[in-house]
Amino acid sequence: MLSREDYKMGTRETVSLILIIIGAKFTDMTPSLMFDETEMASWMALILSAGFFLFTYLIFLNVMKKYPDKGLMEVFKLLFGNVMGFWLGMILFLIVLCGVIADARTNVGIISTLYFPETSLLLLFFMLMVVCTFIAKRGLEAIGRTSVLFIVWIKAILLLLVLMIWKKLNFSFLFPLLGREPERILTTGFKFMPIFAEIMLLSVFMYFFKSHHELKKDTLIGFAITSFELLCFWLFYIMTYDVPIIKEVTYMFHETTRIISVGRFLTNPETVFLPVWLIAIFIRFAFYIYLITAMFAYLFNIHEFEPLLIIMAAIVMICGLIPDNAIQVEYGLREHVVFEYGSFYFFFFPFLMWIAQKRKEKKV
């Protein structure tokens, strides 16, 4: 495990990492899950999700600034005691683990279904875990610097996608703005708040930030940019497909790359976007493997957790292969566990931390 003197995350690394790990969510089934609930009003639900998260995150930061040299798992134990702190951390670990398993299975399913249908799912999953574990073994420094290295190219390709399909967008598809069931916007916005959870989870690595102020500044910058980016792509998808087609498209980003017309000289334009998307996926899951391994290590006071990286990657792969298809994972594990239960956890545990902190101050 890295010590606090080994490496410090800078603004570029933190913001780039956030833009990749959260920004990549408009390339998986996250938009489809939200469009199923609020259709053309999903962009408004996304704004509410960002608002809910920002509100609870500011409370969370207010508590964490009292412990500038402690990670999230340690703060749990300091505020709630060893037993309750351990179980709060364990619940968080299990929610994150479920999310990583669901996301990994979904992205492997995308690769298998759309790009390599003749290749074994097991082999694709194995290759993904091998590459991501290789990056994760280099530590948070390698993950952060790799993010900085590729972030400009990733965003440039995304901008190219928008420009190439701009003429196909139909602004009338945004109406009615409130959709056909306006009453679902608020509940959906709350439910999908965990879209931004990785920003809060960066506090697990508090040792690797120069100060609490740096963590707050960098994560809020990353949150603002990635929220705007997600909003743009939600609107982009709505203006491309409209209802009811938008509810039938499973892999929104990848289907969009296939409807681009570049002439007879480039008959498969999606191949231009595939390598860049894969790089983003490798960085994203390298971070996820490193994150869940670190959370597990902090929970059980394991000081050297590098050997656990391979074990955690194996657990993700084995659990991800159990369901028959990615749709079952998304609508079962990710929607019901990560979003429905996770939304309550991520919204309310900062309040519990704040209450515990106030009680602790009174005793002093």
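Helices here are DSSP runs of H or I with at least four residues, strands are runs of E with at least two, and both are numbered from the N terminus. This is a predicted model, in which local features need pLDDT of at least 70, side-chain atom pairs count only at pLDDT 80 or more, and totals for chains, interfaces and linings use all residues. Residues are numbered from 1 along each chain as its sequence is written, and side-chain values use heavy atoms, with hydrogens and water left out.

**Stop one.** Select Glu39, in the loop that links α2 (30-38) to α3 (42-64). Although Glu39 is not a glycine, its phi is positive, about 50°. Is Glu39 buried or exposed? Its relative accessibility is 7%, so Glu39 counts as buried (buried is under 20% relative accessible area, exposed over 50%, partly exposed in between, with a 1.4 Å probe and protein chains only).

**Stop two.** Go on to Phe175 and Pro176, which are joined by a cis peptide bond with omega about 0°. You will find Pro176 in the loop between α6 (139-165) and α7 (184-191).

**Stop three.** Now select Asp242, in the loop between α9 and α10. With 18% relative accessibility, Asp242 counts as buried.

**Stop four.** Finish with Val243 and Pro244: the peptide bond joining them is cis, with omega about 5°. Pro244 sits in the loop between α9 (212-241) and α10 (252-258).
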